[in-house]
Amino acid sequence: MGQYYRAILGDKYGLNCKVFDRSVDGEYTFAKLLEHSWWQNSFVNAFSEFLYNEPSRVAWVGDYATEPDDFDFQNCSAFYVPSYGEVWGDSVSAIGVTFTNLTIDGKFLLNHDTKQFVDLDAYKAACTDKHDWTIHPLPLLTAVGNDRGGGDFHAGNTGFDFVGSWAWQLISFADSPPEDFAKFNLVFREDAT
């Protein structure tokens, strides 16, 4: 069975959270992780615009992320951490996004908690597969509950160990990295394709 994902966005303290249903201008975007986690995906691009020069806490939460330790995020003891029910509960009002022309080409993905950055042009050059597809790093780096359903990024693929490693950390996109940030050499690629 396939696992569906929703993104949650919070401020730097983990508060004022918004949950997103992946719709763009009211149009449905596929819910499985590797159905929508691609370079130029309209939902992921629009979501990324919220993070452009605006550091926020992010998690991409699967509906199978129900294990007790799923929300024990690294480096998150100083601020509020959401629960499964705040993303997938029956009373959650998930919202959509508006289409944007923003792209992440020429930009940097920053983790303000670990002081790391991903050079997205270098990432794309290293990750584009033989079909000219590139996995967008944001959903995988912040995924919660991965490898439990169809459509997930499964063990054995390049970069699997980094899936979820930036979940609920302070993240942004920028035109250049701060001088005190270290480069994070990341590759996500499906090796079976």
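**Salt bridges, backbone and pocket**

Asp180 counts as exposed because its relative accessibility is 52%, on a scale where exposed means over 50% relative accessible area, buried under 20% and partly exposed in between (1.4 Å probe, protein chains only). The structure is a predicted model, in which local features need pLDDT of at least 70 and side-chain atom pairs count only at pLDDT 80 or more, while totals for chains, interfaces and linings use all residues. Residues are numbered from 1 along each chain as its sequence is written, and side-chain values use heavy atoms, with hydrogens and water left out.

What does Asp180 pair with in a salt bridge? Its partner is Lys115, and the closest N and O atoms of the two lie 3.5 Å apart, where a salt bridge is a side-chain nitrogen of Lys or Arg within 4 Å of a carboxyl oxygen of Asp or Glu. Asp180 sits in the loop between S8 and strand S9 (182-183), and Lys115 in the loop between S5 and strand S6 (116-119), so the pair ties together parts that are 65 residues apart in sequence. Helices (H or I, at least four residues) and strands (E, at least two) are DSSP runs numbered from the N terminus. Lys115, with a relative accessible area of 39%, is partly exposed.

The structure holds five salt bridges in total, and a further one joins Arg148 to Asp70, with 2.8 Å between the closest N and O atoms. Here, too, distant parts of the chain are linked: Arg148 belongs to the loop between strand S7 (143-144) and strand S8 (169-174), whereas Asp70 belongs to the loop between strand S3 (56-62) and helix H3 (85-88), with 78 residues separating the two. Arg148 is partly exposed at a relative accessible area of 35%, whereas Asp70 counts as buried because its relative accessibility is 11%.

Asp105 and Lys124 also meet through their side chains in a salt bridge, at 3.5 Å from N to O. This pair again links distant parts of the chain, with Asp105 in the loop between strand S4 (95-97) and strand S5 (108-111) and Lys124 in helix H4 (residues 120-127), 19 residues apart. Asp105 counts as partly exposed at 29% relative accessibility, and Lys124 is likewise partly exposed at 29%.

The loop between S7 and S8, which holds Arg148, also holds Trp168 and Val163. Is Trp168 buried or exposed? With a relative accessibility of 0%, Trp168 counts as buried, and its backbone has a positive phi of about 60° although the residue is not a glycine. Most residues other than glycine have a negative phi. Asp25 is another non-glycine residue with a positive phi, in this case about 50°, and its place is in the loop between strand S2 (18-24) and helix H1 (33-36).

Val163 leads on to the largest pocket, whose lining comprises 18 residues, with Ala143, Val144, Gly145, Val163 and Gly164 lying nearest its centre. On a 1 Å grid over the protein atoms alone, a pocket is an open set of points where a 1.4 Å probe fits, with protein on both sides within 12 Å along at least five of seven lines, and lining residues have an atom within 4 Å of a point. About 290 Å³ of space lies in this pocket, the volume being the space filled by probe spheres set on grid points joined across faces, edges and corners. The lining divides into seven nonpolar, six polar and five charged residues; Ala, Val, Leu, Ile, Met, Phe, Trp, Tyr, Cys and Pro count as nonpolar, Asp, Glu, Lys and Arg as charged, and the others, Gly among them, as polar. Val163 itself counts as buried because its relative accessibility is 16%. The C-alpha atom of Val163 is 8.9 Å from that of Phe188, which is 25 residues away along the chain.

Ser83 and Ile104, by contrast, are 21 residues apart in sequence and 29 Å apart in space, C-alpha to C-alpha. Ser83 lies in the loop between S3 and H3, the loop that also contains Asp70, and Ser83 counts as partly exposed at 33% relative accessibility, whereas Asp70 is buried.
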